[in-house]
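Dear colleague,

Please find below the structure that I am handing over to you. My notes on what was found in it follow directly after.

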Amino acid sequence: MWQALSDAYARLGFDAIGDEAFAQLVLARIIEPTSKADSVRVLNEIGVASASLRTMFRALQRTQDHDYRGQIATACFSHATTHGDVSLVLYDVTTLYFEAEKEDELRKVGYSKERRVDPQIFVGLLVDRHGFPLEIGCFEGNKAETLTIIPIVKQFAERHGIADMVVVADAGMLSSSNLNDLDEAGLRFIVGSRVTKAPKDLESHFRWHGNAFTDGQIIDTITPRDQRGTAVKVSDPKVKAEPVWDPAVHAKSWRAVWAYSRKRGVRDNATLTLQENKARAVVAGEKAARTPRFVKNRNGATELDEASLARARDLVGLKGYVTNIEGELMSATEVIGSYHDLWHVEQSFRMSKTDLAARPMFHHTREAIEAHLTIVFAALAIARHLQNLTGLSIRKIVATLRPIQQITVRIAGHEHVAEDPITPAAKAILDALNINPQ
């Protein structure tokens, strides 16, 4: 196992850092994510002569002092360009919480998808279309998600001198200023659009076809640039044909692609029915709760918001995408397909939070937290690399290889090597990695 991990570390070019203690911290995290102090125990258990604990902690300081993250990001970029391309990158953000009583300059109480009230940080991750990590950064826990994407993308573009690429992000990153900033930087983007934009974007469709859609139907149209709801005329609903987005003609609009899925429609309808039933129960006084969706107050009395419910029913099954890429360069189907690659970055986040235990439980200062995330960043790159080569999860790879060990004993002045037999599963992994056990 150590041979396989060390080989991957070197193949990715991380050995150029020249810090054995840092390398041990990275690889130990893949084997068994634990505290830095306990990493010594993990290494000793597999027969690796570890650096001293003091040296391990000094490696954290060196990580910051010598910009190991920048060196790792450069190596990751080189690997990604050699084994694929970075013309399209995917971005997402997650939170890592701390069991701390007080906030500080980095760890802040903010919006949490897990509905926690603990201090937290935001972590932004940029990956290639296959989920291989390219850039990572952390932000204050009370920072808006939409304000994290531009710093990460610009840092990546400037670090590698990139002038042309497509950035893909979900609807949470959608803001007028973000899209304008990306466009002004000469970068192309594909982001999810909120379904509340559909009535305006598809005004012509609804006028001519009502709320009828066929499974898989795609409508390529335009959407206002101003996301604050300011009235911006984008198309004429009196014209049946949808406008073809042209940046020179539609200076106040972006290209919008809307797709209908019958499967999504069934799921959306089921959700709306649950929300409607809850709203009716509240209106009828059968259930006391905070005002749910589709309930409005009028003259002190609650009533069902029939108009909002009907509008929501009209939009079930629709998913929108906003981009500044012209149709001649990328078809609507390719826009949708590129956006759906976002599951790769979500998978990388799941790996970092579960397999690599990214939550920095034992670090309190910004420098230590940043160093910890650099270790997680490097470990994630190795894990994704090994998974791509073997088709197995990093957890399965470690579980298969870890029991197989080799020891050297000296008897009567002669060295003898004792080793566990290579299992068929282990051999398959080693063959995929092109490794001959030594």
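Helix α2 is mostly covered, with eleven of its twelve residues buried. Here, buried means under 20% relative accessible area, exposed means over 50%, and partly exposed lies in between (1.4 Å probe, protein chains only). Helices (H or I, at least four residues) and strands (E, at least two) are DSSP runs, numbered from the N terminus.

Please note that this is a predicted model, in which local features need pLDDT of at least 70 and side-chain atom pairs count only at pLDDT 80 or more, while totals for chains, interfaces and linings use all residues. Residues are numbered from 1 along each chain as its sequence is written, and side-chain values use heavy atoms, with hydrogens and water left out.

The buried residues of α2 include Phe22, Leu25, Val26 and Ile30. Among the elements that cover the buried residues of α2 are α1 (2–11), α3 (36–45) and α14 (366–390).

Leaving aside residues up to four places away in sequence, valine 26 touches Tyr9, Ile375, Ala378, Ala379 and Ile382; contact means heavy atoms within 4.5 Å.

Next come the salt bridges. A salt bridge is a side-chain nitrogen of Lys or Arg within 4 Å of a carboxyl oxygen of Asp or Glu, and by this rule there are 23 salt bridges. One of them joins aspartate 7 and arginine 11 (2.6 Å, N to O). Because these two residues are four apart in helix α1, about one helical turn separates them.

Which parts of the chain does the pair of aspartate 220 and arginine 255 tie together? The side chains of these two residues meet in a salt bridge (2.7 Å, N to O). Aspartate 220 lies in strand β6 (residues 218–224) and arginine 255 in strand β7 (residues 253–260), so the pair connects parts that are 35 residues apart in sequence. Aspartate 220 is partly exposed, at 30% relative accessible area, whereas arginine 255 is buried, at 2%.

Finally, Glu32, Asp38, Arg41, Glu45 and Arg402 are linked in a network of salt bridges.

Yours sincerely
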